[in-house]
Amino acid sequence: AVLREAWRLAPLLLPYLFLLGVLATLSGAVTPSHPIPAVPEGWLFIHIGVSVATYALATLPAIAGLAVVIQERALTRKRPGAFTDLLPSIADGERLQLRFLGMAEMVLGAGLVTGMALEYLERGVPLIFDHKTVLSLLTFALIGLLLHLNHRVGIRGRQAGRLVLLAYLLLTLAYPGVKFVSDVLLG
């Protein structure tokens, strides 16, 4: 709502959100693989809220990164089209990507802290190195590295977009993909 060029991500964001909604609806019948922890309700709701905000904020730079990759590919092939005209320019996409990445990194950090607080309240230790924690920590480190590289070296374009998409994949496997990882990959 604050960034004018962010609306130009809608052609990529809306179909993705629709698909995500369909998948969430279809998986709604699945029972949770882990019992709800016996911790004070306030902490649990805070952690869930921060986690949802993290995933939402991480979706935006991933979509911006995808827009940058699509725009660069169209320019390389010298075939911009009606669809690429709807997307933000490469420079605007990169700015959006960095801005949203910074916000996502801060909220992900808060999510890690609230998750550590929940683990401490439930088990008496701040970190349990399960796949969710490891993937979340890897995502935090990758986003931090990407922000650092952009500031120091100026990593941009397709290369930065791919790293953002990798970070988003890790976060997707850590958050909504927990059941998939625990039941299918580690099963």
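**Tyrosine cluster**

I began with the rings: ring pairs join Tyr16, Tyr55 and Tyr168 into a cluster. The model is a predicted one, where local features need pLDDT of at least 70, side-chain atom pairs count only at pLDDT 80 or more, and totals for chains, interfaces and linings use all residues. I worked with residues numbered from 1 along each chain as its sequence is written, and with side-chain values that use heavy atoms, leaving out hydrogens and water.

My search of the whole structure gave 2 aromatic pairs. For the term, I noted that rings of Phe, Tyr and Trp (its six-membered ring) pair if their centres lie within 6.5 Å, with planes under 30 degrees apart counted as stacked, over 60 as edge-to-face and the rest as tilted.

I looked up Tyr16 with Tyr168: the ring centres are 6.2 Å apart and the planes stand at 65°, so this pair is edge-to-face. Tyr16 sits in helix H1 (residues 10-26) and Tyr168 in helix H6, so I have a link between distant parts of the chain, 152 residues apart. Helices (H or I, at least four residues) and strands (E, at least two) are DSSP runs, numbered from the N terminus.

Next came Tyr55 with Tyr168, which I found stacked, at 5.3 Å centre to centre and 20° between the planes. Tyr55 belongs to helix H2 and Tyr168 to helix H6, so this pair ties together parts 113 residues apart in sequence.

Which of these tyrosines are buried and which partly exposed? Tyr168 is buried, with a relative accessible area of 10%, and Tyr55 counts as buried at 11% relative accessibility. Tyr16 counts as partly exposed at 22%. The cut-offs I used: buried is under 20% relative accessible area, exposed over 50%, and partly exposed in between (1.4 Å probe, protein chains only).

**H2 against H6**

I then checked the two helices that carry Tyr55 and Tyr168. Two packed helices are described by the angle between their axes and the distance between the axes. The axes of H2 and H6 come within 8 Å and cross at roughly 145°. Axes here are lines fitted to C-alpha atoms, for helices over the stretch in contact, and angles run from 0 to 180 degrees between N-to-C directions. I sorted the residues of this contact into 11 nonpolar, 7 polar and 3 charged. Ala, Val, Leu, Ile, Met, Phe, Trp, Tyr, Cys and Pro count as nonpolar, Asp, Glu, Lys and Arg as charged, and the others, Gly among them, as polar.

**Cores**

I found 19 residues in the largest nonpolar core, where Leu108, Leu146, Leu171 and Tyr175 have the most contacts inside it. Such a core is a set of buried Ala, Val, Leu, Ile, Met, Phe, Trp, Tyr and Cys residues joined through side-chain atoms within 4.5 Å. At least two of its residues come from each of helix H2 (41-76), helix H4 (90-123), helix H5 (131-152) and helix H6 (157-174). H6 gives the most, 7 residues.

Leu146 contacts Leu101, Ile155, Ala160, Leu163 and Val164, leaving aside neighbours within four places in sequence; contact means heavy atoms within 4.5 Å. Apart from this core I noted another, of 11 residues, including Ala6, Leu12, Leu87 and Leu96.

**Thr84 and the whole chain**

I looked up Thr84 in helix H3 (residues 82-86), and Thr84 counts as buried at 8% relative accessibility. Its contacts are Ile70, Gln71 and Ala74, not counting residues up to four places away in sequence.

How many helices and strands did I count? The protein chain has 7 helices and 0 strands. Of its 187 residues, 39% are buried.
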